[in-house]
Amino acid sequence: MATKYWTGAHTTHRLRYHLVILPKYRQRVLKGKIATRIKELFFQACQVNKWWIDEINIQPDHVHMLIQTKPRESISLVVQILKGGSSKVIRAEFPELEEYLWGDSFWADGYFAETVGVVNESVIKNYIKNQKDESI
């Protein structure tokens, strides 16, 4: 599903991002049941919003994922939905985290995001540069 182009009413797109998010204070709490639940919550959010996680790797102190989204949603909104929804559930289901993560949030502020494509930037630049209008 994620390797193909998606279409909308007037669009064809393949918007993929490498995301990295961290738990608050970069605590090493993403293990065992917590890591499993985080993964479930991210996949649920993607199902509801019709996004696609192509790859996910949960380390004790951060999460990497390759996600495909739609053009109507900014990456900041995608991250807000993923972090906000999972934070609330994780805090409620694992109250012992309060010892390490005081306050209301589970995730650290901010995130890393980078677009991912099939070809690299130099190939695209060369393609654009070498376009010719034969009617001129």
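Helices (H or I, at least four residues) and strands (E, at least two) are DSSP runs, numbered from the N terminus. The model is predicted, so local features need pLDDT of at least 70 and side-chain atom pairs count only at pLDDT 80 or more, whereas totals for chains, interfaces and linings use all residues. Residues are numbered from 1 along each chain as its sequence is written, and side-chain values use heavy atoms, with hydrogens and water left out.

**View 1. Helix 1 and the residues that it buries.** Helix 1 has 18 residues and spans 26 Å from its first C-alpha to its last, close to the expected 26 Å (1.5 Å times one less than the number of residues). Its buried residues (under 20% relative accessible area; exposed is over 50% and partly exposed in between, with a 1.4 Å probe and protein chains only) are Ile34, Ala35, Arg37, Ile38, Leu41, Phe42, Ala45 and Cys46. An α-helix has 3.6 residues a turn, so residues three or four places apart point the same way. The buried residues of helix 1 pack against strand 3, strand 4, strand 5 and helix 2. Just after helix 1, lysine 50 takes a positive phi of about 60°.

**View 2. The largest nonpolar core, with Phe42, Ile67 and Phe106.** A nonpolar core is a set of buried Ala, Val, Leu, Ile, Met, Phe, Trp, Tyr and Cys residues joined through side-chain atoms within 4.5 Å. The largest has 29 residues, of which Phe42, Ile67 and Phe106 touch the most other members. Strand 3 (15–21), helix 1 (32–49), strand 4 (52–59), strand 5 (62–69) and helix 2 (75–93) each supply at least two residues of this core. Helix 1 gives the most, with 7 residues. Leaving aside neighbours within four places in sequence, phenylalanine 42 is in contact (heavy atoms within 4.5 Å) with Ile21, Ile53, Ile56, Val63, Met65, Leu82, Ser86 and Trp107.

**View 3. Alanine 45 in helix 1 and threonine 69 in strand 5.** Alanine 45 counts as buried at 15% relative accessibility. Apart from neighbours within four places in sequence, alanine 45 contacts Trp51 and Leu82. Threonine 69 is buried, with a relative accessible area of 0%. Not counting residues up to four places away in sequence, threonine 69 touches Trp6, His13, Leu15, Tyr17, Trp51 and Val78.

**View 4. Salt bridges of arginine 26 and arginine 37.** A salt bridge is a side-chain nitrogen of Lys or Arg within 4 Å of a carboxyl oxygen of Asp or Glu, and the structure holds 7 of them. In one of these, the closest N and O atoms of arginine 26 and aspartate 61 are 2.9 Å apart. This pair links distant parts of the chain: arginine 26 is in the loop between strand 3 and helix 1, and aspartate 61 is in the loop between strand 4 and strand 5, 35 residues apart. Arginine 26 is partly exposed at 43% relative accessibility, whereas aspartate 61 is buried at 13%. Arginine 37 and glutamate 93 also meet in a salt bridge (2.8 Å, N to O). Arginine 37 lies in helix 1 and glutamate 93 in helix 2, so the pair ties together parts that are 56 residues apart in sequence.

View 5. At 43% relative accessibility, valine 119 counts as partly exposed.
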